[in-house]
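Hi everyone, thanks for coming. Let's have the model up on the screen, and then I'll walk you through it.

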Amino acid sequence: MANDKPTLILGIETTCDETAAAVVERQSDGAGLILSNIVRSQTDEHVPFGGVVPEIAARAHVDALDGIIATAMKQAGTGFAELSGVAAAAGPGLIGGVIVGLTTAKAIAMVHDTPLIAVNHLEAHALTPRLTCALAFPYCLFLASGGHTQIVAVLGVGNYVRLGTTLDDAMGEAFDKVAKMLGLPYPGGPEVERAAAGGDPQRFSFPRPMLGRDDANFSLSGLKTAVRNEASRLTPLAPRDVSDLCAGFQAAVLESTADRLRVGLKLFQQRFGAPRALVAAGGVAANQAIRSALQSVAASAETTLIIPPPALCTDNGAMIAWAGAERLAAGMTDTMEAAPRARWLLDAGSTAPAEFANTRARF
Ligand code: KG4
Ligand code: ZN
């Protein structure tokens with residue numbers, strides 16, 4: 001456990017379609033305390049387009065960010081002069097939004113003469129369980145959102161090894177695209193889950209992508225195409241067809257995910273020994289069926305499943321503030337030269353293929 005001075009960090013998140021700011025305290029024993037966590041989702045602005053429109057997202061961040069930061073500071077009962085540092089997600093993500101958040105953080109850091117911490121958004125997801133339940137390193141992270149699908153060995157602050165990633169679509173993106181082709185609204189994940197609950201998962205035999213492969217990568221676009229082909233064959237779709245297609249798709253995702261994670265945990269064990277936990281994060285971790293699949297994968301690997309509360313699993317400012325606090329405690333701060341990055345791999349040394357967050361248009 002660390003034994004240093006308590007720190008107070010403002011965190012800013014603008015990499016996709018949430019404008020968020022939070023104030024988090026890192027206490028001298030290394031424990032975290034969320035003093036405020038304000039998130040404004042832009043979903044309503046993007047719904048008419050069936051996905052996140054980068055230009056609309058960037059403008060909405062410009063309009064909302066000042067007010068969100070002011071609310072976060074007020075709710076935390078603190079002033080800029082009391083901050084130990086200001087952290088912003090500097091990528092990966094939609095570049096317009098990233099520029100808005102990082103530039104704002106730089107301005108605050110400069111005016112109030114406080115350290116700047118340019119945080120990798122994925123690192124913030126990765127470190128969240130240390131904020132919520134003081135989890136010790138090393139642990140295995142499964143991150144599945146609209147822009148990312150990765151299995152990561154989290155070994156220390158700034159020390160990550162990507163064990164697997166998607167070769168094509170992100171998992172949330174695949175849920176969103178399937179929803180769209182079946183006429184369900186955006187964001188599609190919760191809609192597909194709801195429809196699947198009343199459907200027959202066995203009516204269609206969709207492929208189980210990557211099943212049995214000895215790397216821990218994912219692939220979702222072939223499955224998505226298989227759903228599209230069935231849907232076109234059946235058009236016009238009856239509600240029963242939609243439910244059965246969703247159930248079949250979700251069952252295939254579950255089986256593939258469980259298999260990929262079993263391999264990921266095996267690779268983890270071989271390289272780093274037993275993980276302290278399997279941690280799931282990202283919007284897809286809200287899916288109850290996926291949670292149960294993860295539970296049994298964790299149990300058979302004799303490890304514990306940890307899923308942070310939903311508000312900290314999806315994009316938020318507290319995770320950025322916390323990653324900033326962890327980096328500050330480790331002496332890792334940034335200069336005004338820190339660049340906004342659309343693409344930013346979490347680890348340098350992995351052999352897994354690159355995954356680019358800005359290919360996330362969900363049309
Ligand atoms: O982490 P998140 O809130 O935002 C980012 O993408 O960064 O994740 C949103 C994604 C969307 O693609 C959404 O459809 C998916 O997570 N999602 C779900 C569920 N809830 C949200 N996917 C499957 N089942 C769900 N219940
Ligand atoms: Zn995220």
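Before we get to the strands, a quick word on terms: two strands pair if DSSP finds at least two bridges between them. Helices (H or I, at least four residues) and strands (E, at least two) are DSSP runs, numbered from the N terminus. What you see is a predicted model, where local features need pLDDT of at least 70 and side-chain atom pairs count only at pLDDT 80 or more, while totals for chains, interfaces and linings use all residues. Residues are numbered from 1 along each chain as its sequence is written, chains are lettered from A and ligands numbered from 1 in the order in which they are written, and side-chain values use heavy atoms, with hydrogens and water left out.

Let's begin with the open sheet, where 5 strands run in the order E8-E7-E6-E9-E10 with mixed pairing. At its edges sit strand E8 (159-165) and strand E10 (305-306), each pairing on one side only.

Now look at E6, residues 139-144. With E7 (residues 149-156), E6 pairs in the antiparallel sense over 6 bridges, and the two form a hairpin with 4 residues between them. Within that pairing, Leu-141 faces Val-152 in E7. E6 also pairs with E9, this time in the parallel sense over 4 bridges, with Cys-140 bridging to Leu-278. Leu-278 also stands opposite Leu-305 in E10, and 2 bridges join E9 to E10, which run parallel.

How many residues of E6 are buried? It's 6 of 6, where buried means under 20% relative accessible area with a 1.4 Å probe, protein chains only. Tyr-139, Leu-141 and Leu-143 point one way, and Cys-140, Phe-142 and Ala-144 the other. In a regular strand the side chains alternate between the two faces of the sheet.

The rings of Phe-142 and Phe-218 have centres 5.8 Å apart and planes at 20°, so they are stacked. This pair links distant parts of the chain, 76 residues apart, with Phe-218 in the loop between H6 and helix H7 (221-234). Phe-204 and Phe-206 are also stacked, because their ring centres are 5.6 Å apart and their planes at 20°. Both Phe-204 and Phe-206 are buried.

That's my tour, so over to you!

Conventions: Phe/Tyr/Trp six-rings, centres within 6.5 Å; stacked < 30°, edge-to-face > 60°. Buried < 20%, exposed > 50% of the residue type's maximum accessible area, 1.4 Å probe, protein only.
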